[in-house]
Amino acid sequence: MALLNAVLELADDHLILGHRVSEWCGHAPMLEEDLALPNMALDLIGTARVLYDYAAKLEGKGRSEDDMAMLRVEREYRNCLLVERPNGDFAQTMLRQLYFAAFMEPFWKAALTSPDEVIRGVAGKAVKEMAYHIRHAGEWVIRLGDGTEESAAKMQAAVRELHRFTGELFESSAAAAFCEADGILPVRAEMRGEWDRVIGMVFGEALLELPDVPYPQAGGRDGIHGEGLGHLLAEMQYLQRAHPGAEW
Amino acid sequence: MTEATPLWEVFIRPRNGLSHKHCGSLHAADEVMALNAARDVYTRRGEGVSIWVVPSASVFASDPDQAAENFEPTADKIYRHPTFYEIPEDVGHM
């Protein structure tokens with residue numbers, strides 16, 4: 001049961017961020033990014049699919065990966081708050097991607113030695129994808145932060161907006177802590193050193209400063225979400241709910 | 001837009017042992033961003049193992065008006081094609 005919930009947390013993180021990033025499709029500021037963003041979204045959704053499939057098997061109630069993704073309600077979602085934050089502008093989207101990937105890359109790297117075969121399999125693929133997401137998003141953060149007056153202002157605003165959601169990445173839910181104690185999943189708090197190093201390196205080049213966070217935000221692991229998630233789910237789940245079992 | 005993000009020509013090597021081939025162009029602020037964009041735009045279906053990007057401004061092209069004097073004189077020099085050798089079947093494609 002603990003593993004099921006911990007896998008769902010991971011799956012939800014990836015699906016929700018993947019959906020958010022996919023919202024850029026057709027709206028990106030340049031053609032090159034209009035391809036790059038859906039690429040990244042598909043990396044995330046691909047990871048989510050394997051994890052949902054695994055969660056459905058662990059649950060053993062005959063549900064499918066699609067049921068897990070499309071037929072759970074808002075309070076059942078266990079994603080962290082960072083990934084559900086609205087896209088905002090391009091600076092916010094890139095920063096959110098950097099924050100998430102800089103956490104997941106060392107996480108999957110540590111998971112490469114997990115005794116769990118599925119986790120190990122996902123990790124092997126995802127660790128490379130996250131390394132690229134760090135590079136792609138990081139290079140943009142550097143250029144926007146150390147760019148024009150306007151781009152620097154937007155990048156700083158993105159940091160002020162999103163930094164308060166990063167602490168939750170390193171907090172383990174009861175389910176996650178249980179799996180961490182068994183060595184099945186890496187200890188989230190242990191990603192802090194590598195995350196600080198990567199963010200510090202990018203921020204140094206981007207001329208950005210780490211802000212004080214008087215009120216860190218958390219609650220996603222308990223199903224307490226911002227109002228944006230409901231809107232996201234309404235759009236994402238509409239088809240399966242209006243036409244149950246629809247395929248194309 | 002094009003002032004901040006000039007044009008780059010993209011070359012992809014499909015496999016080790018083959019040469020880089022021109023596959024298109026894109027806009028990017030500098031060579032790092034151009035390489036990332038090339039990866040995102042031109043290698044989504046496993047097209048390559050290596051990427052080159054070159055500023056389009058660095059490419060010098062032959063003049064189409066000189067096409068006749070450049071290329072047509074070769075048309076009647078069939079002796080430059082090594083088609084008069086008999087190749088043993090075992091050799092296969094040269």
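A crossing is left-handed if the near helix is turned anticlockwise from the far one by less than a right angle, and right-handed if clockwise. Helices (H or I, at least four residues) and strands (E, at least two) are DSSP runs, numbered from the N terminus.

The model is predicted: local features need pLDDT of at least 70, side-chain atom pairs count only at pLDDT 80 or more, and totals for chains, interfaces and linings use all residues. Residues are numbered from 1 along each chain as its sequence is written, and chains are lettered from A and ligands numbered from 1 in the order in which they are written.

**Exercise 1.** Describe how α1(A) and α2(A) cross.

Solution. Step 1: the axes of α1 (residues 2-22) and α2 (residues 31-59) of chain A come within 7 Å and cross at roughly 155°. Such axes are lines fitted to C-alpha atoms, for helices over the stretch in contact, with angles from 0 to 180 degrees between N-to-C directions.
Step 1: angles under 35 degrees count as roughly parallel, over 145 as roughly antiparallel, 65 to 115 as roughly perpendicular and the rest as oblique. α1(A) and α2(A) are therefore roughly antiparallel to each other.
Step 2: the crossing of α1(A) and α2(A) is left-handed.

**Exercise 2.** Characterise the fold and spread of chain B.

Solution. Step 1: chain B has 2 helices and 3 strands, in the order β-β-α-β-α from the N terminus.
Step 1: its radius of gyration is 19 Å, well over the 12 Å that the globule rule gives for 94 residues, so chain B is more spread out than a compact globule. This radius is taken over C-alpha atoms, and the rule is 2.2 Å times the number of residues to the power 0.38.
Step 2: of the 94 residues of chain B, 17% count as buried.

Notes
A residue is buried if 20 or more other C-beta atoms lie within 10 Å of its own, exposed if 12 or fewer, and partly exposed in between; C-beta atoms are placed from the backbone.
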